[in-house]
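This report describes one structure, section by section. The sequence and the model come first, and the notes follow.

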Amino acid sequence: ATPTALMVGTGRGAQLGVLIKGPEVLENTRKADTVVLDKTGTVTTGRMTLLAVRTTGATDEAEALRLAGALENASEHPVARAVAAGAADKVGDLAVPEDFANVPGLGVRGVVEGRTVLVGREKLLAQASVALPAPLAAARDAAEAAGRTAVLVAWDGEARAVLEVADAVKETSAEAVRRLRALGLTPVLLTGDNQAVARAVAAEVGIDAGHVIAEVMPEDKVDVVKRLQAEGRTVAMVGDGVNDAAALAQADLGLAMGTGTDAAIEAGDLTLVRGDLRAAADAIRLSRRTLATIR
Ligand code: ADP
Ligand code: MG
């Protein structure tokens with residue numbers, strides 16, 4: 001290989017908004033046949049908003065927002081940002097939790113105003129033996145069927161509210177998926193979010209329902225990549241979160257969103273500076289062309 005051609009390739013990459021860690025990365029862009037796309041922050045903007053609050057009969061909506069908002073205000077998760085911002089909008093200043101723990105992939109738990117509060121998925125509540133009453137389960141199912149993320153709120157051992165949060169698909173994502181397909185790659189959507197939301201996003205950007213892998217715990221994303229590799233696939237992975245770092249490192253080609261976390265950027269082989277998924281297709285096309293020039 002001629003070092004000059006490789007340098008031209010990486011220089012052109014910078015113009016396209018793609019930073020390549022080293023010329024050795026290029027070889028894997030040629031072999032990749034599968035592209036795993038993280039959902040939140042990669043295919044979607046990751047800027048979620050609180051759209052609705054559903055409570056059980058006796059529950060005061062403002063109280064649910066006060067407690068959930070205070071707890072989520074201590075978390076950096078996109079869902080947490082939406083809940084805290086939406087709550088602050090409606091109820092004003094949020095309290096500082098007396099105790100707080102982040103439960104990756106499930107939610108948060110802590111103590112606010114002397115109450116033990118849980119905010120997140122049903123599994124988080126189940127771990128604390130908190131049951132989900134039928135009306136709240138129905139509200140959760142309706143929210144998810146509409147493509148929204150349902151955030152459950154419980155305190156003092158009782159589930160009391162469902163917060164509906166949603167995130168928009170980036171305008172460029174559908175075109176990016178088309179371009180990745182045109183390069184011969186099979187797109188797969190990977191997320192910790194629920195099946196219904198994942199399928200709605202997949203449909204919107206043109207990923208087959210059979211290639212949606214949802215409700216994956218953060219530490220299991222890397223196993224999904226390993227499984228695809230064990231099937232003989234060469235895997236490119238695009239992600240943005242701390243949760244994606246191990247999977248990005250495991251992938252044959254890791255592409256990190258420049259708008260994402262430092263952990264993801266460090267784990268990736270390539271950085272898409274503007275956070276535009278189309279740059280993933282540009283990077284792969286460009287690298288292949290650069291290799292063709294060298295040979
Ligand atoms: P993704 O893979 O989509 O980037 P995560 O693995 O971080 O998402 O989280 C998976 C799911 O867990 C979220 O979609 C959400 O339902 C729930 N969750 C995680 N963190 C929180 C939180 N702080 N508050 C509420 N729900 C949360
Ligand atoms: Mg993400």
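## Strand β8 and its partners

Strand β3 (residues 49-55) and β8 run antiparallel and are joined by six bridges. Strands here are DSSP runs of E of at least two residues, helices are runs of H or I of at least four, and both are numbered from the N terminus. Two strands pair if DSSP finds at least two bridges between them. Within this pairing, V53 stands opposite L163 in β8.

The model is predicted: local features need pLDDT of at least 70, side-chain atom pairs count only at pLDDT 80 or more, and totals for chains, interfaces and linings use all residues. Residues are numbered from 1 along each chain as its sequence is written, while chains are lettered from A and ligands numbered from 1 in the order in which they are written.

β8 also pairs with β7, in the antiparallel sense and over seven bridges. A154 has A159 in β8 as its bridge partner. Two residues lie between the strands of this hairpin, where D156 takes a positive phi near 50°. Strand β8 (residues 158-166) has seven buried residues out of nine, so it is largely enclosed by the rest of the structure. A residue is buried if 20 or more other C-beta atoms lie within 10 Å of its own, exposed if 12 or fewer, and partly exposed in between, with C-beta atoms placed from the backbone.

## The seven-stranded sheet

An open sheet with mixed pairing has seven strands in the order β1-β13-β12-β11-β2-β9-β10. β1 (18-20) and β10 (212-213) are at the edges with a single partner strand each, so one side of each has no neighbour in the sheet.

Strand β2 (residues 34-38) runs parallel to β11, with four bridges between them, and L37 stands opposite V238 in β11. β2 pairs in the parallel sense with strand β9 (residues 186-190) as well, over five bridges; there V36 is opposite V188.

## Strand β11

In a regular strand the side chains alternate between the two faces of the sheet. Both faces of β11 are covered, with V235, M237 and G239 buried on one side and A236 and V238 on the other.

Four bridges join β11 in parallel to strand β12 (residues 253-257), and A236 stands opposite L253. From β11 the chain passes through helix α11 (residues 245-250) to β12, a right-handed β-α-β crossover (with the strands pointing away from the viewer, the path from the first strand over the helix to the second runs clockwise).

## Nonpolar cores

A nonpolar core is a set of buried Ala, Val, Leu, Ile, Met, Phe, Trp, Tyr and Cys residues joined through C-beta atoms within 7 Å. The largest has 51 residues, of which V35, L189, A236, M237, L255 and A280 touch the most other members. Helix α13 (residues 278-294) gives the most to this core, six residues. Another core, of 38 residues, lies apart from it and includes L118, V119, A150 and A154.

## Around ligand 1

There are 23 residues around ligand 1, and T40, H77, A80, G192 and D193 come nearest (a residue is near if its C-beta atom, placed from the backbone, lies within 6 Å). At least two residues of the shell come from each of α3 (39-43), α5 (78-91), β5 (107-112), β6 (115-120) and β7 (149-155).
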